[in-house]
Structure formats: C-alpha cells, structure tokens
Amino acid sequence: KDLFAWFENRRQDILNNKETWTKLVALTLYPSSTKLCKLSELALPGKFEDPLGLADLVDVDSLGGRREFLIDIGMSELDFRTYAVRRLPLALKNPAVAAEKRRAAIVLLADHIGEISDDQEAQHQLAASPLVGCVDGEFREANQCYFDGREVRDCLGGELHFAVLPVGHENAVRHFYRWLGVATEPRFSDIALRVRRLSSQPYSSAAVVQVQKIISYLGKKIE
C-alpha cells in the first residue's frame with residue numbers, strides 16, 4: 001500500500017514521462033488474488049463478472065483502493081469486450097485450462113456474439129485462439145477446422161478436424177464458429193494440398209475417384 005501511495009502521489013510526473021510510465025507498467029508489481037503480475041496481465045473488476053474464473057483481476061483492496069490511479073496508468077476494467085479480446089485468449093493459451101471450462105467459454109462467447117460481431121480486433125484475437133472444440137476432444141484455431149459435410153469429405157477425405165456443436169447450443173455455437181472462420185466448404189488451399197498428395201501416390205482406383213470428386217466440386221464452383 002505504501003509503495004503505491006508513493007506512486008500515486010507522483011501520478012502526474014509518471015504520466016508526463018513516457019520512460020517512467022513504461023518502466024512502471026512493466027514491473028511485476030500488481031497483485032492478483034494469487035500472485036504479483038505485470039499491469040497488462042490484470043484487469044480491474046468491472047461491470048462484467050467472469051463466470052468461468054479465467055480472467056486475472058487486480059486485488060484492489062490490497063492496494064488500498066487506488067482504482068483511479070490504476071486506470072490512469074493503463075489498467076482496463078473488465079467489461080465483456082476486454083474479457084473477449086484480452087483476457088480469454090491469454091487464459092486459453094494455458095494448457096492446464098480444463099476442457100469443460102473451454103466449452104463453457106465457447107457457449108459464453110456464442111451467447112454474447114452480438115456485442116462483438118462488428119469488432120475486427122475481437123474477431124482476429126478469438127480466431128487465433130484454440131476455441132473450436134473438435135471431434136477428437138482437442139481445441140483448435142478456427143482456420144484449422146471444418147463443419148462436417150459431404151462436399152468437405154468428398155474433396156478432402158475424412159481425416160480432418162471437424163467441429164463439435166454442444167448439445168442445446170448448436171445454432172448459437174455454429175454461428176459463432178462461422179464468424180471465427182470455421183469452414184463449411186473445402187478451402188482451396190486444402191484442395192491444392194490434397195491434390196498434391198494424391199498425385200504423389202502410386203496409381204489407384206481410389207485416388208482416381210478422389211480426383212474426380214474434386215474436379216466435380218470445382219466445376220460446380222466455376223459455373
């Protein structure tokens with residue numbers, strides 16, 4: 001408390017000196033409920049309450065309050081956008097986060113998609129996070145995944161990462177996954193890779209059938 005009181009009494013000096021501010025926010029000095037962190041790793045308690053306990057919040061009480069000072073030096077309040085764009089992607093990088101919490105996070109984001117659907121930064125950050133639950137039980141980035149479908153299987157085979165839709169939340173999560181970039185049709189880059197692999201294999205009737213299916217699909221797209 002005394003240390004932060006000293007910093008707060010010099011608030012204007014810190015804010016007016018970029019070098020001093022940069023050094024201050026980079027210090028592992030800010031308390032959460034379990035450890036000391038850098039400022040960027042924490043958020044202030046705000047209007048949004050994290051139901052999954054995945055966001056690290058600053059322990060304001062241990063600092064004797066000083067909420068306004070923390071805001072002045074750059075700590076953001078936990079609203080839903082901050083949670084979705086900054087806190088959740090960071091938390092999901094931790095492999096120790098249980099699968100059930102990851103599934104709950106997916107449903108939570110799907111239910112709130114209207115709040116961030118036009119936010120390109122949110123879309124970029126979440127698309128790059130392992131948020132898509134797959135048939136094999138793993139969670140992957142959206143650009144690695146597909147919705148299961150006949151055309152996808154015909155062109156690319158069945159050894160793909162197919163997304164799983166949680167029971168009771170199928171429509172909401174499908175909409176969310178499509179927003180993230182999970183594909184409903186074969187990506188041309190994956191088709192090209194598939195053709196290269198088939199062409200490198202010894203001749204077989206099965207490979208010919210696969211190529212015919214790809215040609216048929218591409219013909220329909222060109223029409």
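A disulfide is a pair of cysteine sulfur atoms within 2.5 Å. By that criterion the structure holds 0 disulfides. The sulfur of Cys155 lies 18 Å from the closest cysteine sulfur, in Cys145, too far for a bond. For Cys145 the closest cysteine sulfur is in Cys134, at 3.7 Å, again too far for a bond. Cys155 is buried, with a relative accessible area of 1%. Cys145 is also buried, at 0%. Here buried means under 20% relative accessible area, exposed over 50%, and partly exposed in between, with a 1.4 Å probe and protein chains only.

The model is predicted: local features need pLDDT of at least 70, side-chain atom pairs count only at pLDDT 80 or more, and totals for chains, interfaces and linings use all residues. Residues are numbered from 1 along each chain as its sequence is written, and side-chain values use heavy atoms, with hydrogens and water left out.

The chain has 11 helices and 4 strands. These are DSSP runs numbered from the N terminus, with helices (H or I) of at least four residues and strands (E) of at least two. The radius of gyration of the chain, taken over C-alpha atoms, is 24 Å, whereas a compact globule of 223 residues would have a value near 17 Å. The globule rule is 2.2 Å times the number of residues to the power 0.38. Along the principal axes, the C-alpha atoms fill a box of roughly 80 × 40 × 35 Å. Of the 223 residues, 39% count as buried. Contact means heavy atoms within 4.5 Å. Among contacts between residues at least 6 apart in sequence, 62% join residues at least 24 apart.

A nonpolar core is a set of buried Ala, Val, Leu, Ile, Met, Phe, Trp, Tyr and Cys residues joined through side-chain atoms within 4.5 Å. The largest such core has 39 residues, of which Tyr83, Val132, Phe176, Tyr177 and Leu180 touch the most other members. Helices α5 (80–92), α6 (99–111), α7 (120–127) and α9 (170–180) are the elements that each give two or more residues to this core. The largest share, 7 residues, comes from α5. A second, separate core of 18 residues includes Phe4, Val58, Ile73 and Met75.

The structure holds 7 aromatic pairs. Rings of Phe, Tyr and Trp (its six-membered ring) pair if their centres lie within 6.5 Å; planes under 30 degrees apart count as stacked, over 60 as edge-to-face and the rest as tilted. Phe4 and Tyr30 pair edge-to-face, at 5.5 Å centre to centre and 65° between the planes. This pair links distant parts of the chain: Phe4 is in helix α1 (residues 2–8) and Tyr30 in strand β1 (residues 30–31), 26 residues apart. Phe4 is buried at 5%, and Tyr30 at 0%. Phe48 and Tyr83 form a tilted pair, 4.8 Å centre to centre with 45° between the planes. Phe48 lies in the loop between β2 (36–37) and α4 (67–72) and Tyr83 in helix α5, so the pair ties together parts 35 residues apart in sequence. Phe48 counts as buried at 12%. Tyr83 is buried at 0%. Phe4, Trp6, Phe7 and Tyr30 form one aromatic cluster.
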